[in-house]
Amino acid sequence: MRLIKPTKIYSELNMRIIEDLLKDRSINYGWVMVVVVFVLSGLAFGSLASISVFLKPISLDFGWSRGATSLAYTVASLSSALFGVIWGIVADKYGTRWFGVIGAAAMTLCLYMLSTQNSLFQFYILYFLYGAFGSALLFSPLYANVGFWFRENPGLALGIAASGGAVGQAFIPHLSGYLINLSGWQSAYVTLAFIYALIAFPIALLIKESPWRERARNQIESEDRTFSISEKEVVIWISVAVIFCCICMAVPIMHLVPLLTDSGFSLESATRVLMILMICGALGRIFGGMLGDYIGPLPGYFLMSLGQTIFVIWFPQVSTTAGIYLLAAFFGFTYSGVMSSILVCTRVMVSAQFAARAMSLTSFFGWIGMGLGGFLGGYFFDSEGNYIWAFTFAGIMGCINLLILSQFWFRIQRQDKLLSNHNN
C-alpha cells in the first residue's frame, strides 16, 4: 500500500479551504454587483421613461406633434438595440470593467445637452447617443455579469438587479415632473445631469467581472451545457417573442402620463400613477426572477406575459382614480416580471461564454419592440385623436407574444422527448 505524505494532505486541505474562501468572497461581491447594476440600470431606465413626462411641454414649446416627439424614445431604443449587440461582443471578449464609467459620462453629458437643444434633429441625436453609450452599456452586458456571479438561484439576483430599472422608472419621471413644474423643462434636464453625475460615477468604479465569466472567457474552465436546444435557436425564439412583448409594454410606459393628463389628471398626479406602476414593477421583477428559479424561466415568462396582456387594454377604459392606481399596480407587477423572466431564460439556457452576446441580441429585439411601441402609441393617437386603439393594439401584440412562447415550450418538450428516447 502506498502511503500519502502528510505534507501532501495538508497542501490539498489548504487548497480546498482557499477555494471555499474564494467562493464565499465571490458570492459576497456578487451581491455588491447586484446593488451596482440596480442603481445604474435605475438611472438609465429612469431617464428613458422620463421622455413621457417631457413629451407635452417640449412638443408645446416647439409645436411638434406627439408622434414626432415620442420618436425620440424610438431613436434611443433603436440605438440601445444596435450598440447593445456591439457592447455584448466586447463584454464577452474583454469584460465589463469600464462600462459603468463610460455609461455614466454619456448619460450626464446627454442630459445636460438636452437642456440646450432647439430642433428635432438635435433632440433625436442626443437621445441616440444616450441609448448608444448610456443604456446600451448599462443593460445586457452588466446583467450577464451579474447572472454569472451566482451558480444557484440566479433568478433572485437578476430579479433584484433588474428591479432597479423599475425603481428608476418610478422615481425619476416623478422627479422630472416636479422639476418641470418648478422651473421648466430646460432646468429639469440640467438638474438631472447634476444628480446623475453625483450618483453614477462613484458606483460605476465598483464594477468587477464575474470570476466564472472570466474563466470561460479565457477558456480556463469548460462548461457542460445540458439544455436540449442550441444556443442560437434559444436566442432566435426569445428574440422573436420579445419584439411583440415589448411593443405591448412600451405603449403604457411611453403614453400613460399623456393619457392621464388628457383625461384631467394634473402632471403631478399622472407621474404619481406612473410611480406606483413602477414601484409595483420593482416587486414584480424580483418575483419574476424568483418564479424562474422555482417553476422554470419559460413558464414564469409566460405567466407574467399573460398578466401584462390582460391588463394593458384597460387603461383608456378606466376613469376613476382608484381604478387607475389599481390597474397601474397590476400592470406594473406583471410587465416588470416579464423583464426579469427574459433575463433568467437567457441566463439558464446559454453558456457563460456566450451570455453577454445572447442577452444583447435578445435585448436588441426588445429595444426594437420598445421603440416601435412608443412610436406607434403616438402615431395612433395622432390619427385617432385618442388612445383607445393604441392600447388595444398593445393587447394584440401581447397575444402574439403568448402564442410564440407556447410554440417555444412545445419545441423544448419535443426536443427533450427526442433526446430521452435516443438515450434509452
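Student: Among contacts between residues at least 6 apart in sequence, what share joins residues at least 24 apart?
Tutor: That share is 86%, where a contact means heavy atoms within 4.5 Å. Before we go on, this is a predicted model, where local features need pLDDT of at least 70, side-chain atom pairs count only at pLDDT 80 or more, and totals for chains, interfaces and linings use all residues. Residues are numbered from 1 along each chain as its sequence is written, and side-chain values use heavy atoms, with hydrogens and water left out.

Student: Okay. How many helices and strands are there?
Tutor: The protein has 15 helices and 0 strands. Both are DSSP runs numbered from the N terminus: H or I with at least four residues for helices, E with at least two for strands.

Student: And what about the radius of gyration?
Tutor: It's 22 Å, which agrees with the value near 22 Å for a compact globule of 424 residues. The radius is taken over C-alpha atoms, and the globule rule is 2.2 Å times the number of residues to the power 0.38. Along the principal axes, the C-alpha atoms fill a box of roughly 90 × 50 × 35 Å.

Student: How much of the protein is buried?
Tutor: Of the 424 residues, 55% count as buried. Buried means under 20% relative accessible area, exposed means over 50%, and partly exposed is in between, with a 1.4 Å probe and protein chains only.

Student: Which residues of α6 are buried?
Tutor: Ser-140, Pro-141, Leu-142, Tyr-143, Ala-144, Asn-145, Val-146 and Gly-147. That's 8 of the 8 residues of helix α6 (residues 140–147), so the helix is largely enclosed by the rest of the structure.

Student: Switching to charges: how many positive and negative side chains are there?
Tutor: There are 24 positive and 20 negative ones, and the centres of the two sets lie 7 Å apart. Lys and Arg count as positive, Asp and Glu as negative, while His and the chain ends are not counted. Each charge is placed at NZ of Lys, CZ of Arg, CG of Asp or CD of Glu.

Student: How many aromatic pairs do you get?
Tutor: The count comes to 31 aromatic pairs. One of them is Tyr-379 with Phe-380, edge-to-face at 5.7 Å centre to centre and 65° between the planes. The rule takes rings of Phe, Tyr and Trp (its six-membered ring) with centres within 6.5 Å; planes under 30 degrees apart are stacked, over 60 edge-to-face, and the rest tilted.

Student: Is Phe-380 buried or exposed?
Tutor: Phe-380 is buried, with a relative accessible area of 13%. Tyr-379 counts as partly exposed at 44%.

Student: Which residues form an aromatic cluster?
Tutor: Phe-54, Phe-62, Trp-64, Phe-123, Tyr-127, Tyr-130, Trp-185 and Tyr-189 form one.

Student: Now Pro-316. Where is Pro-316 placed?
Tutor: In the loop between α12 (297–312) and α13 (321–349). Pro-316 is partly exposed, at 23% relative accessible area. Leaving out residues up to four places away in sequence, Pro-316 touches Leu-259, Tyr-387, Ile-388 and Phe-391. Its C-alpha is also separated by 8.8 Å from that of Leu-260, 56 residues apart along the chain.

Student: What does Ser-336 touch?
Tutor: Not counting residues up to four places away, Ser-336 touches Ala-166, Gly-281, Gly-284 and Arg-285. Ser-336 is in helix α13 and counts as buried at 0% relative accessibility.
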